[in-house]
Amino acid sequence: MSDYPKPLSTLTIDLDAVAWNWLSLKKMLKAGADCAAVVKADAYGLGASKVALALYAQGCRHFFVAHFSEALDVRGVLAPDACIYLLNGPYGAKPDDFAQHGFIPVLNSMGDMDYWQDTGLPCVLHLDTGMNRLGLGADDAVDDAVLKKLDLRYVMSHLACADEPAHELNALQLQRFQKRIAALGKACRYSFANSSGIFLGQDYHFDLARPGCALYGINPVPHLKNPMKNPVKLEATIVQVRDGKAGETVGYGAGYKIALPTKCATVSLGYADGYLRSLTGKGVVFIQGKACPVIGRVSMDSIVADVTHLEHVPTGTYAEIIGDNQSADDVAAQAGTIGYEILTSLGARYKRKYLGS
Ligand SMILES: *Cc1c(COP(=O)(O)O)cnc(C)c1O
């Protein structure tokens with residue numbers, strides 16, 4: 001019994017590492033440029049209010065979220081001088097509610113501009129330069145009278161391929177942005193670079209950078225060694241160790257056939273916890289510092305790891321899912337996805353521990 005007072009799985013977030021990441025990105029920016037923090041989707045799964053508070057303490061005053069509800073989460077912990085921007089636009093609440101909380105919507109279309117023009121409230125204008133997702137297109141003829149009425153805090157655009165520095169769309173988007181902001185003919189501040197965009201050089205920095213993933217340890221320069229610190233440690237408990245006999249199978253669908261006698265450790269996390277089912281046959285966890293392949297299908301609440309090569313594995317031992325031995329990007333590579341999806345899938349059943357500020 002003595003093994004069991006501890007939680008079945010623990011997610012530890014090192015806020016000092018997040019702060020270090022923000023400061024190191026800020027240091028890269030050209031003189032006069034400021035650094036925001038993108039904390040949408042609960043700060044990519046790490047906890048928006050904790051992350052926002054830690055970054056505010058480092059001097060961060062600009063926070064980007066997607067939804068009104070996310071903005072409320074962040075507002076609750078930040079002093080009034082923090083600016084909170086809503087990337088998904090002026091929706092989810094009335095302009096009065098935006099005013100009440102001091103939220104600043106990103107206007108993504110001509111319709112958004114019309115809707116906001118008479119509110120007298122601050123806003124950001126988004127120009128699409130190649131993403132074709134959100135923002136005014138090159139053919140949208142902006143009405144000068146409407147533009148004049150808007151209290152524009154920033155004009156922004158978003159890069160589609162910044163994580164591929166050699167991609168021709170980067171320079172093309174930069175060129176288009178420069179041309180479009182000149183044509184607007186209204187003096188303003190500008191925001192362009194996401195995490196990877198910061199690494200494309202000072203031409204991409206403008207007045208406000210908007211890093212997200214790099215704050216959370218995802219490599220913004222996938223072709224190079226990761227310059228960021230990993231703030232995420234995810235551990236789950238081994239709840240059983242079984243002797244698998246040759247000829248037997250493991251898990252649903254009898255998907256894994258045991259060839260030689262195998263020591264099977266059942267780990268208490270599954271796809272309901274964000275351990276993606278696509279990790280079936282591909283995932284690796286670290287037990288006692290050693291890589292152990294996941295065998296059989298990923299279940300809802302558990303996975304099975306092959307620990308035959310380990311000397312003695314008592315129940316209650318932690319398996320490391322993300323941590324010093326493998327990053328969210330590594331797990332993503334095993335699953336055939338990106339680190340962003342691994343982090344934003346992190347489940348609600350973990351005991352969360354926050355280290356640092
Ligand atoms: C999510 C997002 C970001 C942050 O991007 P990262 O690649 O995570 O740094 C910046 N700007 C916009 C518009 C976004 O949607």
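Visitor: Where does the ligand sit?

Guide: The ligand sits in the largest pocket. A molecule counts as sitting there if more than half of its atoms lie within 2 Å of the pocket's grid points. Please keep in mind that this is a predicted model, in which local features need pLDDT of at least 70 and side-chain atom pairs count only at pLDDT 80 or more, while totals for chains, interfaces and linings use all residues. Residues are numbered from 1 along each chain as its sequence is written, and side-chain values use heavy atoms, with hydrogens and water left out.

Visitor: What is a pocket, and what volume does the largest pocket have?

Guide: On a 1 Å grid over the protein atoms alone, a pocket is an open set of points with protein on both sides within 12 Å along at least five of seven lines, and its lining residues have an atom within 4 Å of a point. The largest pocket has a volume of about 660 Å³, where a volume is the space filled by probe spheres set on the points, joined across faces, edges and corners. Its lining has 34 residues, and Tyr44, His158, Asn194, Cys213 and Tyr340 are the closest to the centre.

Visitor: How do I read the polar atoms around the ligand?

Guide: Look for pairs of N or O atoms within 3.5 Å. An N or O atom in the side chain of Lys40 is 2.7 Å from a ligand oxygen. Arg133 has a polar side-chain atom 3.2 Å from an oxygen of the ligand, and for His158 the distance to a ligand nitrogen is 3.3 Å. On its own the ligand has 390 Å² of accessible area, of which the protein covers 94%; such areas come from the Shrake-Rupley method with a 1.4 Å probe.

Visitor: What lines the second largest pocket?

Guide: Its lining includes Leu127, Asp140, Arg180 and Leu184, and its volume is about 170 Å³. The helix α8 gives the most to this lining, with 3 residues. Helices are DSSP runs (H or I, at least four residues), numbered from the N terminus.

Visitor: How many cavities does a search of the whole structure find?

Guide: A cavity is a set of grid points where a 1.4 Å probe fits but cannot get out. The search finds 3 cavities of 30 Å³ or more. The largest cavity holds about 70 Å³ of space, and its lining has 11 nonpolar, 1 polar and 1 charged residues.

Key
Polar contact = N/O pair within 3.5 Å; in protein donor to acceptor, adjacent residues only side chain to side chain. Helix = DSSP H or I, 4+ residues; strand = E, 2+ residues; numbered from the N terminus. Nonpolar A, V, L, I, M, F, W, Y, C, P; charged D, E, K, R; others polar.
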